Amino acid sequence: MSIVLLKDVRKDYPLGKTTVHALQGVELDISTGSFISIVGPSGSGKTTLLNIIGCVDQATTGSITIDDQDVSRMTDNQLTDLRLFKIGFIFQSFNLIPVLNVLENVEFPLLLMKKYTSKEIRKKAEEMIEHVRITEQISQRPSELSGGQRQRVAIARALVTSPRIVLADEPTANLDSETGAQILSLMKRINEQNNVTFIFSTHDPDVLKYANDVIKIRDGKVIERIKCQ
Amino acid sequence: MKLIFLISFRNLIRQKRRNIQLGIAIAFGIVILTIANAFSKGITDNLLNRLIVFTSGHMKISMIESGRVMNPIIRDRAYVLKTIKSTVTGISNIEEDLGAFGRMIGNGKGDYVFLAGVKLNDEFKSYFRALEGSYENYDKGACNPVIISEQKAKYLNVKIGDQVRMRFDNVNGQKQTAIFTVKVIIKSQNIFMDYAVFTPFKNLKQLMGYKKFETAALKIILDDPRTAAEKADLLHKALEPDKACIWSKTDKYSNNLLLVPFIKGVSLNAAGSLIKMPADTEWDSDTKGAVISSVLADKLKLGVGDRIKFKYKQRYFSGLHHADVKISAIALFNKKISPDTVFVSNESFFRIYNYFLPEDKVRLEDYIQADHKDPVWDMIASEWHLLKRTRNTDDFAKKFKDLMRDKKYQPSMDIATMYETASEIIKMEYVFNLVTFLAASVIFFIIMIGVLNSLRMTVRERTREIGTVRSIGMRRSDVKKVFMMETFLLTVLSWLAGLIISLIVMKLLTLIHFSYDNPLNMLMVDRRLYFVPTLWSVFRNLIIVFAFSMATAFFPSSKAASLKPSEALRHTT
């Protein structure tokens with residue numbers, strides 16, 4: 001069953017007097033529970049593709065369906081809610097909120113949802129923190145954490161809302177190989193346990209070991225899709 | 001909202017140095033604004049609630065006879081007081097205003113002074129501090145004690161126990177010389193008041209020749225001085241006079257006579273067919289005496305040049321008052337006018353009426369049955385001439401100049417407010433308020449430009465964070481709220497700090513004593529700067545600062561909220 005369906009998606013950016021064609025007719029069908037890696041050289045359109053799937057950017061043309069919802073006609077608030085309730089984000093530079101501690105960072109999206117009581121929020125956040133094994137750092141601010149710990153917090157924050165999809169833009173790029181491997185294992189474990197769809201961009205060849213599918217992209221086009229398992 | 005508050009507050013602490021600097025700037029603005037407001041309010045309080053209260057009151061009712069504007073006299077004090085109390089609300093106090101202007105002679109030196117009648121109270125004692133002598137029993141024993149300022153005592157070369165002489169006009173326009181004993185030497189809180197000399201009210205009233213039921217003028221002190229004009233207008237309506245008349249008896253005649261005054265400068269031609277003079281009678285508006293009907297003349301066997309005698313009950317004296325007036329003309333009255341009506345010239349009538357107010361009032365319509373539109377009614381003078389309300393000092397001065405020239409016996413009543421009697425003081429207060437407000441506004445405008453720039457810088461620095469929170473699922477409106485909340489918190493904290501600092505600064509400034517005399521001393525209290533920080537002005541400042549800062553924060557916050565998440569995430573600082 002498709003969770004992400006892209007049809008002839010194009011994205012053009014104006015750059016000075018010229019136009020950059022970041023995506024050129026991308027067709028993509030991603031099933032629920034996949035663990036997909038998008039690979040390609042710098043400037044190939046990986047981040048743009050993730051941004052469009054994550055509804056943080058809008059395609060110039062084409063159709064995008066996320067969890068059976070056509071996002072092209074959604075208002076900004078509807079897109080915001082879609083991101084909040086259905087999509088989790090993990091960034092290359094972790095992008096934690098510096099003024100909040102670990103617990104507060106993880107609680108953050110739950111508070112935005114306005115769906116749970118304070119107690120429920122606290123319980124969910126603590127469970128997720130335990131799940132990513134950073135309980136000892138629960139009261140620390142991001143600046144007091146190592147890169148790996150920060151990324152664990154980012155993963156916890158992305159997963160605490162029980163999203164259908166998690167988008168990770170080069171999640172291991174700022175980590176050493178050992179920590180990177182730990183993070184990927186963690187993501188894989190969550191993927192398998194919770195049936196969450198993971199889509200991540202990477203340059204890291206080790207990542208391929210974890211992925212079901214590898215989508216190769218170049219010059220804004222999907223040039224190959226490799227089934228790994 | 002809890003989340004927004006938390007993030008805003010933490011962000012505020014996060015950029016400590018910048019926010020402290022900005023906070024200091026806002027607090028500085030608040031200090032300036034609060035001190036300026038408190039000083040301005042102090043000036044207002046000093047001028048409106050002290051200086052004006054002691055000089056003219058917020059409202060003043062006076063009556064003038066024969067153009068003697070320096071010697072006003074309200075003949076029926078009780079009636080005017082009763083009308084004031086039933087008409088005007090929010091009265092703090094009503095005081096009788098009594099004073100005489102004249103030359104005072106001390107020990108080999110003389111000077112012009114304003115001698116004011118005073119009823120001692122705590123307010124007076126605190127405003128005019130006794131330097132020598134004591135207010136305790138000051139009015140006992142000595143004949144005509146006076147309270148005199150330090151400067152005036154020096155000028156007149158007098159000390160406690162010395163005698164001074166003063167010559168002034170009494171209420172009847174006669175020269176009066178009185179001897180006073182210096183009992184208290186004072187220092188006024190206000191240099192402006194140093195030129196007045198005070199004596200007990202009852203002594204001065206007697207010296208000036210006022211009767212018990214009379215007074216010179218009435219000062220009204222209001223709870224809210226700003227309502228003076230509006231209340232004066234109300235009182236002006238309530239003090240609209242009736243037609244004057246004396247309902248009297250005359251010997252050997254069973255009917256009562258009704259004496260009514262002509263207005264000054266009356267023309268009998270205006271009466272048309274109602275009053276017809278015989279062809280050989282000379283009568284014009286300057287003629288004194290009375291015009292009686294030929295019927296009454298026949299009954300009383302009186303002719304032109306005779307005096308018609310009458311008696312009537314008085315309002316404030318027991319027994320009947322006997323008076324007479326010369327008959328200057330005998331006329332044919334139309335049947336609409338009772339033959340028992342006696343028309344008296346303005347001067348002849350009010351010479352009697354003013355001094356011996358009649359008790360009884362009758363319906364004039366019982367004697368004069370002409371339609372109220374008939375010109376005969378316009379020929380009859382009222383109990384007093386109610387002067388038109390004026391709105392400024394120029395009109396007020398012109399009104400009194402005309403009054404001095406007119407010299408009519410019929411009393412003229414004036415209702416004035418501080419806006420006319422003390423307009424220069426009001427103008428000064430207004431100018432001070434305006435200047436302080438403008439100065440504070442300019443400072444604030446500059447500070448707010450700082451807020452604007454700082455916030456723009458903050459938005460720029462936090463663009464990636466904005467991208468992150470927007471990606472995670474924070475709505476645009478919430479992003480805006482975060483920045484607005486940050487500014488709000490900064491403003492409130494700075495306001496609080498500014499308020500505390502300004503209270504301390506004001507306290508310190510009031511400790512400075514300006515010992516030398518200069519005209520600005522009139523804005524001070526006890527030669528010290530005077531601040532009145534009110535709760536309202538403190539919160540008004542908060543509202544002003546809040547409005548300013550929210551307005552300046554609105555645009556950068558809106559810009560932050562409108563950033564596209566993808567672009568914000570790509571942003572590099």
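**Entry 1: chain B overall**

What share of the contacts in chain B with a separation of 6 or more comes from residues 24 or more positions apart? I looked it up and got 80%. This is a predicted model, so I keep that in mind for every entry.

I then listed the elements of chain B and found 17 helices and 19 strands. Chain B has 573 residues, and 53% of them count as buried.

**Entry 2: the open sheet in chain A**

I followed the strands in chain A next. Four of them make an open sheet, ordered β2-β1-β4-β5, with antiparallel pairing. Which strands stand at the edges of this sheet? They are β2 (18–31) and β5 of chain A. Each has a single partner strand, so one side of each has no neighbour in the sheet.

I checked the pairing of β1 with β2 in chain A. Strand β1(A), residues 2–15, is joined to β2(A) by 10 bridges, and the two run antiparallel.

**Entry 3: two residues with positive phi**

I looked at D67(A) in the loop between β4 (61–66) and β5 (69–70) of chain A. Its phi is positive, about 50°, although D67(A) is not a glycine. Is D67(A) buried or exposed? Its relative accessibility is 12%, so D67(A) counts as buried, the cut-off being under 20%.

K252(B) is not a glycine either, and its phi is positive at about 60°. This residue sits in the loop between β11 (246–248) and β12 (257–261) of chain B. K252(B) has a relative accessible area of 86%, so it is exposed, the cut-off being over 50%.

**Entry 4: nonpolar cores**

I went to the largest nonpolar core, which has 78 residues. Which of its residues touch the most other members? They are F108(A), I155(A) and F198(A). The largest share of this core comes from helix α15 (residues 476–510) of chain B, with nine residues.

I then picked I155(A) and left aside its neighbours within four places in sequence. I155(A) is in contact with I90(A), V132(A), I183(A), L186(A), M187(A) and I190(A).

There is also a second, separate core of 31 residues. Its members include V4(A), F89(A), L167(A) and L569(B).

**Entry 5: strands around β16(B)**

I used β16 (320–333) of chain B as the reference strand here. I took its partners one by one.

- β13(B), residues 275–276, is joined to β16(B) by two bridges and runs antiparallel to it. I275(B) stands opposite F333(B).
- β14(B), residues 290–293, pairs with β16(B) in the parallel sense over four bridges. A290(B) has I327(B) as its bridge partner.
- β15(B) is antiparallel to β16(B), with seven bridges between them. R307(B) has K326(B) as its bridge partner.

I also looked at the turn between β15(B) and β16(B). These two strands form a hairpin with six residues between them. G319(B), in the turn, has a positive phi of about 85°.

**Entry 6: helix α9(B)**

How many of the eight residues of helix α9 (residues 346–353) of chain B are buried? I found six, so the helix is largely enclosed by the rest of the structure. The buried ones are N346(B), S348(B), F349(B), F350(B), I352(B) and Y353(B). I checked what they pack against: β11, β12, β15 (307–313), β16 and β17 (341–344) of chain B.

**Entry 7: the mixed sheet in chain B**

Last, I traced five strands of chain B that form an open sheet in the order β2-β10-β1-β19-β18. The pairing is mixed. At the edges stand β2 (91–97) and β18 (385–386) of chain B. Each has a single partner strand, so one side of each is left without a neighbour in the sheet.

β2(B) pairs with β10(B), residues 217–222, in the antiparallel sense over six bridges. Within that pair, I94(B) stands opposite I220(B).

What lies across β1 (59–64), β10, β18 and β19 (412–417) of chain B? I found helix α7(B), residues 228–238, which runs at about 160° to β19(B).

Definitions and conventions: Residues numbered from 1 in each chain as written. Chains lettered and ligands numbered in written order. Predicted model: local features only at pLDDT ≥ 70, side-chain atom pairs only at ≥ 80, totals over all residues. Heavy atoms only, no water. Buried < 20%, exposed > 50% of the residue type's maximum accessible area, 1.4 Å probe, protein only. Pairing = 2+ DSSP bridges. Core = buried A, V, L, I, M, F, W, Y, C linked by side-chain atoms within 4.5 Å. Contact = heavy atoms within 4.5 Å. Axes fitted to C-alpha atoms, helices over the stretch in contact; angles between N-to-C directions.
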